[in-house]
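Work through the exercises below with the sequence and the model open. Each task is followed by a solution in steps.

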Amino acid sequence: MNTITVQQMFDLGETIASKLFEDVTYPWEVLPKIHDFIIALGETLPRDVYEERGEHIWVAKSAKVAPTACLNGPLIIDEEAEVRHCAFVRGNAIVGKGAVVGNSTELKNVVLFNKVQVPHYNYVGDSVLGFKAHMGAGSITSNVKSDKTLVVVKGENINIETGLKKMGAMLGDRVEVGCNSVLNPGTVIGRDSNIYPTSCVRGVVPANHIFKKQNDVVAKQ
């Protein structure tokens with residue numbers, strides 16, 4: 001279980017939300033706390049670096065936000081981030097330094113660490129994406145089970161009740177997700193792992209592995 005803890009998955013020096021993770025073991029434990037954390041943090045942000053563009057919406061002055069993007073709070077967009085044409089931020093989102101939120105990408109209740117890229121037609125909900133994580137075009141997080149039961153994180157010798165009805169994916173630092181992949185509820189992908197394009201992923205993918213298909217996950221050489 002230690003391989004999917006916050007400590008093992010993320011460099012907390014690469015997010016403005018580092019304090020959000022201080023008192024939790026597993027990353028999905030922060031999901032119910034994102035809303036209140038953003039409001040509290042936003043009130044402390046330096047006004048020479050960030051501007052408030054609406055109720056509980058703080059955008060770094062160095063960030064680039066397309067005029068066609070829809071921004072709902074609570075929301076923090078950090079320095080040098082880019083939010084592109086027709087992006088839809090539904091709220092409860094932290095977009096890290098240098099991150100890219102692309103054309104027609106939708107965010108909801110998420111933490112994107114610094115330099116995350118979700119650049120083309122992505123849906124990312126109830127999820128945490130670590131430093132330099134990248135989701136290829138059309139890849140999405142599925143955050144609710146079809147039977148609406150609570151999400152369980154499952155892997156080899158791992159079976160953890162999250163107590164959450166909505167949980168998308170937890171991506172460790174530098175995870176690469178191939179185009180048109182679906183990350184099912186409760187997916188956890190360890191640091192430096194790769195997901196083949198058009199994959200349907202569920203459960204835990206260990207760090208430094210390649211997911212080719214279900215039951216075909218190999219260690220990187």
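A residue is called buried when its relative accessible area is under 20%, exposed when that area is over 50%, and partly exposed in between. The model is predicted.

**Exercise 1.** Describe the overall build of the protein from its secondary structure, dimensions and burial.

Step 1. The secondary structure consists of 2 helices and 25 strands.
Step 2. The radius of gyration is 16 Å, close to the 17 Å that the globule rule gives for 221 residues, so the protein is as compact as a globular protein of that length.
Step 3. The C-alpha trace spans about 50 × 35 × 35 Å along the principal axes.
Step 4. Of the 221 residues, 52% are buried.
Step 5. Among contacts with a separation of 6 or more, 30% are between residues 24 or more positions apart.
Step 6. The accessible surface is about 9800 Å², and carbon and sulfur atoms hold 47% of this area.

**Exercise 2.** Carry out the analysis for aspartate 78 with lysine 97, and for aspartate 126 with lysine 108.

Step 1. Aspartate 78 and lysine 97 form a salt bridge with closest N and O atoms 3.0 Å apart. Aspartate 78 is in the loop between strand E5 (75-77) and strand E6 (82-83), while lysine 97 is in the loop between strand E8 (93-95) and strand E9 (100-103), 19 residues apart.
Step 2. Aspartate 78 is buried at 0% relative accessibility, whereas lysine 97 is partly exposed at 33%.
Step 3. For aspartate 126 and lysine 108, the closest N and O atoms are 2.6 Å apart.
Step 4. Aspartate 126 is buried at 4%, and lysine 108 is buried at 13%.
Step 5. A search of the whole structure gives 7 salt bridges, including those treated here.

**Exercise 3.** Which backbone features stand out at proline 74, lysine 132 and arginine 174?

Step 1. The peptide bond from glycine 73 to proline 74 is cis, with omega near -5°. Proline 74 belongs to the loop between strand E4 (70-71) and E5.
Step 2. Lysine 132 is not a glycine, yet its phi is positive, near 60°. Lysine 132 is in the loop between E12 and strand E13 (134-135) and is partly exposed at 42%.
Step 3. Arginine 174 also is not a glycine and has a positive phi of about 65°. Its place is the loop between E17 and E18, and at 35% relative accessibility arginine 174 is partly exposed.

Key: Residues are numbered from 1 along each chain as its sequence is written. This is a predicted model: local features need pLDDT of at least 70, side-chain atom pairs count only at pLDDT 80 or more; totals for chains, interfaces and linings use all residues. Side-chain values use heavy atoms; hydrogens and water are left out. A salt bridge is a side-chain nitrogen of Lys or Arg within 4 Å of a carboxyl oxygen of Asp or Glu. Helices (H or I, at least four residues) and strands (E, at least two) are DSSP runs, numbered from the N terminus. Buried means under 20% relative accessible area, exposed over 50%, partly exposed in between (1.4 Å probe, protein chains only). The radius of gyration is taken over C-alpha atoms; the globule rule is 2.2 Å times the number of residues to the power 0.38. Contact means heavy atoms within 4.5 Å. Accessible areas come from the Shrake-Rupley method with a 1.4 Å probe; for residues, only the protein chains shown count as cover.
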